[in-house]
Amino acid sequence: MEFLYLLFLGKPLWMWLLFITLVIALLAFDLGVLHKDGDHEIGVAESLKLSAMYIALGLGFSGFVYWQMGWEPTAHYLTAFVVEKTLAMDNVFVIALIFTFFAIPRAYQHRVLFWGILGVIVLRGIMIGLGATIVASYSWVLYIFAVFLIFTGIKMMFVGDNEHNIADNPVLKFIKRRFRVTEELHGNNFFVQKPDAGGKMVRYATPLFIALILIEIADLVFAVDSVPAVFTITTDPYIVYTSNIFAILGLRALYFALAAILHRFAYLKYALSLLLVFIGSKIFIADLMGWEKFPPSWSLGITFAILTAGVVFSLWKTKGDAKHDLAKPAE
């Protein structure tokens with residue numbers, strides 16, 4: 001069993017295998033237990049319970065990190081987990097737009113998000129592995145990440161929300177031009193057999209599959225912000241990957257609760273923009289102060305303070321919307 005103690009990206013192989021086994025077990029539990037009866041609509045109550053479970057597991061994993069690595073990596077893990085969880089809010093908004101555009105029923109949305117998360121686990125792993133290799137060889141890349149985050153945060157604060165027009169998406173246009181795509185859904189199928197113009201049975205992709213592709217691409221776009229953000233918190237690939245995946249695992253469950261009340265967090269983007277500026281500036285502050293690194297406990301505390309203020313302010317500013325929602329008749 002000595003091979004289990006071989007180092008992979010700076011950590012013993014058994015630590016990576018333990019985490020991967022836990023992720024596989026969670027996915028199997030989700031698909032084989034929670035959805036063993038097939039497609040069904042996930043209500044807000046079920047969504048909140050699942051979200052609480054995933055958040056508890058993500059926070060609980062910090063105990064394992066503390067046991068194996070100590071307080072400083074634990075503070076880095078918790079900061080990264082909170083940052084990734086919050087940055088995922090924008091992803092929820094885009095996912096909701098994609099599902100609305102393709103008129104995907106709530107009963108089928110879980111299937112798309114489930115297979116989407118499998119792709120995310122692989123894609124984020126590749127991106128983080130490449131990022132870790134580059135940072136290990138060229139440490140000055142962290143300064144580029146930091147400047148990019150500061151620029152992104154300032155842009156987010158002062159530039160209005162971009163309109164996401166799914167119909168004009170170049171990827172969607174390319175797929176429809178190059179591949180056979182049905183105009184209508186066919187249950188929960190990603191592909192169906194249909195006769196072409198000559199009567200020959202051929203395979204067509206359904207809107208459900210196109211929605212899956214666009215969601216995967218959306219995650220890649222958001223990863224351009226989130227992966228550099230975590231690398232400016234810590235360069236430990238294990239902390240970067242585990243915090244990313246735990247934050248994303250719960251996104252699928254949280255989506256069904258947040259999609260209906262996303263407008264209540266309309267002002268959270270200002271807290272996110274400030275958070276990105278703070279994360280990007282830490283490396284420069286540490287250099288100016290002569291520190292080896294920005295204190296992890298300070299980083300964790302400031303991150304929580306910024307996000308808590310953003311959530312409270314957003315809920316306060318939209319409290320009129322909450323009363324309006326309660327006053328609306330049930331459909």
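**Exercise 1. Helix packing**

At roughly what angle do the axes of helix H4 and helix H7 cross, and within what distance do they come? Describe the contact as well.

*Solution.* The model is predicted.
- Step 1. Two packed helices are described by the angle between their axes and the distance between the axes.
- Step 2. Helix H4 comprises residues 106-137 and helix H7 comprises residues 207-233. Their axes come within 9 Å and cross at roughly 35°.
- Step 3. The handedness is then assigned: H4 passes H7 in a right-handed crossing.
- Step 4. Sorted by class, the residues in the contact of H4 with H7 are 18 nonpolar, four polar and four charged.

**Exercise 2. The largest cavity**

Determine how much space lies in the largest cavity, and which elements contribute two or more residues to its lining.

*Solution.*
- Step 1. One cavity of 30 Å³ or more is present in the structure, and the largest cavity holds about 140 Å³ of space.
- Step 2. Two or more lining residues come from each of H3, H4, H7 and helix H8 (237-258).
- Step 3. H4 supplies the largest share of this lining, with four residues.
- Step 4. Residues that line the cavity include Leu113, Gly116, Ile117 and Val120, as well as Asn91, Glu216, Asp219 and Arg252.
- Step 5. By class, the lining consists of seven nonpolar, two polar and three charged residues.

**Exercise 3. Positive phi values**

Locate Leu9 and Ala103, and classify each as buried, partly exposed or exposed.

*Solution.*
- Step 1. Leu9 has a phi near 50°, a positive value in a residue other than glycine. Its place is the loop between strand E1 (7-8) and strand E2 (11-12).
- Step 2. The relative accessible area of Leu9 is 36%. Buried requires a value under 20% and exposed a value over 50%, with partly exposed in between; Leu9 is therefore partly exposed.
- Step 3. For Ala103, phi is near 55°, again a positive value in a residue other than glycine. This residue lies in the loop between helix H3 (71-101) and H4.
- Step 4. Ala103 has a relative accessible area of 53%, and therefore counts as exposed.

**Exercise 4. The surroundings of His76**

State whether His76 is buried or exposed, and identify the residues that it touches.

*Solution.*
- Step 1. His76 is placed in helix H3.
- Step 2. Because its relative accessibility is 9%, His76 counts as buried.
- Step 3. Leaving aside residues up to four places away in sequence, His76 touches Ile233, Thr234, Ile239, Lys293 and Pro296.

Note on methods
Residues numbered from 1 in each chain as written. Predicted model: local features only at pLDDT ≥ 70, side-chain atom pairs only at ≥ 80, totals over all residues. Heavy atoms only, no water. Axes fitted to C-alpha atoms, helices over the stretch in contact; angles between N-to-C directions. Left-handed = near helix turned anticlockwise from the far one by under 90°. Nonpolar A, V, L, I, M, F, W, Y, C, P; charged D, E, K, R; others polar. Buried < 20%, exposed > 50% of the residue type's maximum accessible area, 1.4 Å probe, protein only. 1 Å grid on protein atoms, 1.4 Å probe; cavity = no way out; pocket = protein on both sides within 12 Å on 5 of 7 lines; lining within 4 Å. Points joined across faces, edges and corners; volume = space filled by probe spheres on them. Contact = heavy atoms within 4.5 Å.
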